[in-house]
Amino acid sequence: MAVTDHGLPGRTLTALTGAALALPGLVPDSQAATPTERQWDVGYFYYEEGDDRMRVESLKQSLVLPLGDQLDLTLNGVRDSISGASPIYNLPEIRCRDGSVITPPVISVSGASGTTAAGGPRPERPALNAGDCRIDGARQVMLDGTFQDVRTAGDFKLNYYRGETTLGFGAGLSREKDYDSNFMSLDWRQELNDKLSTLTLGYGLASDTFTPLNKTNFSEDKESHQFLLGLTQVLGKNDLLQTNLTFGYDQGYLTDPYKNVYLLSTNAAVEEVRPDARRQWNLLTRYVHYFDGPKAALHLDYRYSMSDWGIDAHTLETFWIQPLGQGWQLVPRLRYYSQGEADFYRSYFESLPANGHYSSDYRLAGFGAISGGLKLTKQVTDQARLDLGVEFYDRQSDYGLQGHADSDFADYGFTIYSLSLNLKF
Amino acid sequence: MIIRNPLMMCCPLLILPALTGCAIQPVAAWERGNLARPEMALEPYPLEAGFRQHAFFSKESVSGGYGIGGGGCGCN
Amino acid sequence: MQSHRLAFRAMGSPCELQLFGADPRETEAIGARARADVLRLEQTYSRYREDSLTSAINRAAAAAGTIEVDPETAALLDYAHTCYRESGGLFDITSGLLRRAWRFDSGRLPEPGEIAPLLARIGWDKVVWERPRLSFGVPGMEIDFGGIGKEYAADRAAALCADAGLHHGLVNLGGDIRVIGPQPDGAPWRVGLQDPLRPETLLGGVLLTGGAIASSGDYARCLVIDGKRYGHILDPRTGWPARGLAAVSVIAATCVVAGSLSTIAMLKGRDGIPWLGALGVPHLWVDVDGRQGGSGVFADLLEARRASFRAAAPARSAESD
């Protein structure tokens, strides 16, 4: 048997590894993706808007159960209690030379009942073209604070692991007094390139029914399709990058029947009308980096969104997970969001636009929002982790990048408090 | 403290295109220790993320991108 | 998640399994199965046991005979053959005969003329290996799976645990370590490395979440005569201990590969340093003069060590920025 000179180093490693892998029982059969461990998450979240507006109390739970070597099942449940006031439409404010500020009269409000500030007989609207008075801003008319609803939702997700492929199937439903949603999802994940890359394809369908409380014998449907193409890539031993491209197609009743628009020409508030289809694209990039020095993880997410309602949006979010020792972690977080306004959005309208689509919903206006939060987590035992967090959100029409800064009357903020427990057992 | 180079502040943003542009170093299984840490998961706090995403979805006009699934409104 | 630690002796070394599982009884049962497999391999491949397969092979070898082997042994012989070929004949499972001349407990060097007759009966090239038949061309030969067996057992034990559903744990067979998976919280294992020249101290630790680490060195058994060290890793071409390096550690996906790479590097002596570098595997070397070097996580370790030495040295006046 001839002894060859030791060959190329690369070949040596390949040859040895190949011969080693031929040894029986050397590498586990289950080297690929495996079911998640058994764990239970339960959390209480409190959402509160400023100025005594909306409040949401939410109880959430998520249970992950491995079923044998190739399956795991996730069961999620949530119960939201929603109460408080929300804006219905915007009344222009008329400022006159004599210093008076007049809100124009509202002749009729279809749909939800609004409360205007003016009591007694409504003032006549002064002439706007005479030069003495002009429209200067607007103010929101609120749906009164007796509004209450409870949302109950549950869903399951089943993952099937086979080699380097994972198939997921999920379905669930969500129930409110006026809104029912049934949904399902399918996804396929493939690990490639020695598990350095993961390719994901996903599809989701939601079928919703709206039966607004302010209308009788009225029910409308909406269908939403979502498609996802994602790639997760290990860039180095401390770097991970994910890019997701999603496309959403919503069809059906996309109008919010509780929202009105105010028409200056007729002094009337009428129900808004939105297009019956919407296409939305999102490009999300998430980057995670581990810092060996402080043993901390940096997360950086950027999302660009675009929809055929004319809205484009940027979302930039970052958080930092800093271990403090003895099982404590501190997680500061910062988020910036900016959106342009929808093509059919105006704070109020002179008259109904010809294309038949109009909304004064503050969520379709151009604005920006900055939120910041802090979270403290403590690994209490090997099995249990407790999280406590707070996040402040500040919406300002002039924080936006897209330049539609005229909805400052709709500026507000909210705070989210969270308390949750993670159990691995 | 004086920040001598204002560009330094933009570093996290510049990393993204720089990293995607360059060749990816193969990372062997035994070098993926840090990547396996829970805080390196793309979504380390899924329960909280679910609530936050729902809050933002209810108050902003765009949603989605992070995954597939979910439904319901509660969006006044 | 419960931790289960199992310590035992096998293959002449202290062994340890550290396992984490949801069900303590199941974890314990899996650990017992892994240990049983290690003991089975010891029984099969020990050269000290009369009833071992190795002894049966060596009885055939003594008579220049032929023996047919089972598939597992055949795969080990294939692996040994690959090591021989890739090391240019340095890694040779027939070189164990040299131990007859080198008695590391005797305190003396081999007599002149003791080695040459042994060399005539050493060499994988004197063996015909045609799966599943192994034929010895020269009478009085011997084979020895010592350089592969323990590493192979570590890999198998880890794979057995993983297949049984344990994803967190570590197998340590006398310093040959194969990781099953990171600690339950995802944190890596810290594997301490002995300083080959001062065995009572640690060089430092490396962090592992997967893969394997194996070391080869002369600190375990060596002969010191007139201040000169004679290590137990013997060069089958000369019959004398390999020179130059005191210890080598290698990280690879499997313990078998890590073990043979570290042994081959030792046999190559100082030439082993650039060879390991060209292979691109994370490695650490220490030469007989105490110089150290390495790559990957080991380079980080050495850097951290140097930094701590600098920090420990008396500080000069702090320089202003």
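This is a predicted model: local features need pLDDT of at least 70, side-chain atom pairs count only at pLDDT 80 or more; totals for chains, interfaces and linings use all residues.

Colleague: How many bridges join strand 4 of chain C to strand 5 of chain C, and which way do the strands run?

Modeller: Strands of a sheet pair through backbone hydrogen bonds, in either a parallel or an antiparallel manner. Here four bridges join strand 4 of chain C to strand 5 (residues 133-136), and the two run antiparallel. Another of the bridge pairs links E130(C) with R133(C) of strand 5. Strands 4 and 5 of chain C form a hairpin, with two residues between them.

Colleague: In what order do the strands of the sheet lie?

Modeller: The order is 3-5-4 in chain C, an open sheet of three strands with antiparallel pairing. Its edge strands are strand 3 (66-68) and strand 4 (127-130) of chain C, each of which pairs on one side only. On average, neighbouring strands of this sheet are turned by 15 degrees against each other, direction ignored. Three bridges join strand 3 of chain C to strand 5 of chain C; T66(C), for instance, has S135(C) as its partner in strand 5.

Colleague: Which residues of strand 5 of chain C form its covered face, and which its uncovered one?

Modeller: Side chains in a regular strand alternate between the two faces of the sheet. In strand 5 of chain C, L134(C) and F136(C) form the covered face, whereas R133(C) and S135(C) form the uncovered one.

Definitions and conventions:
Residues are numbered from 1 along each chain as its sequence is written. Chains are lettered from A and ligands numbered from 1 in the order in which they are written. Two strands pair if DSSP finds at least two bridges between them. Axes are lines fitted to C-alpha atoms, for helices over the stretch in contact, and angles run from 0 to 180 degrees between N-to-C directions. A residue is buried if 20 or more other C-beta atoms lie within 10 Å of its own, exposed if 12 or fewer, and partly exposed in between; C-beta atoms are placed from the backbone.
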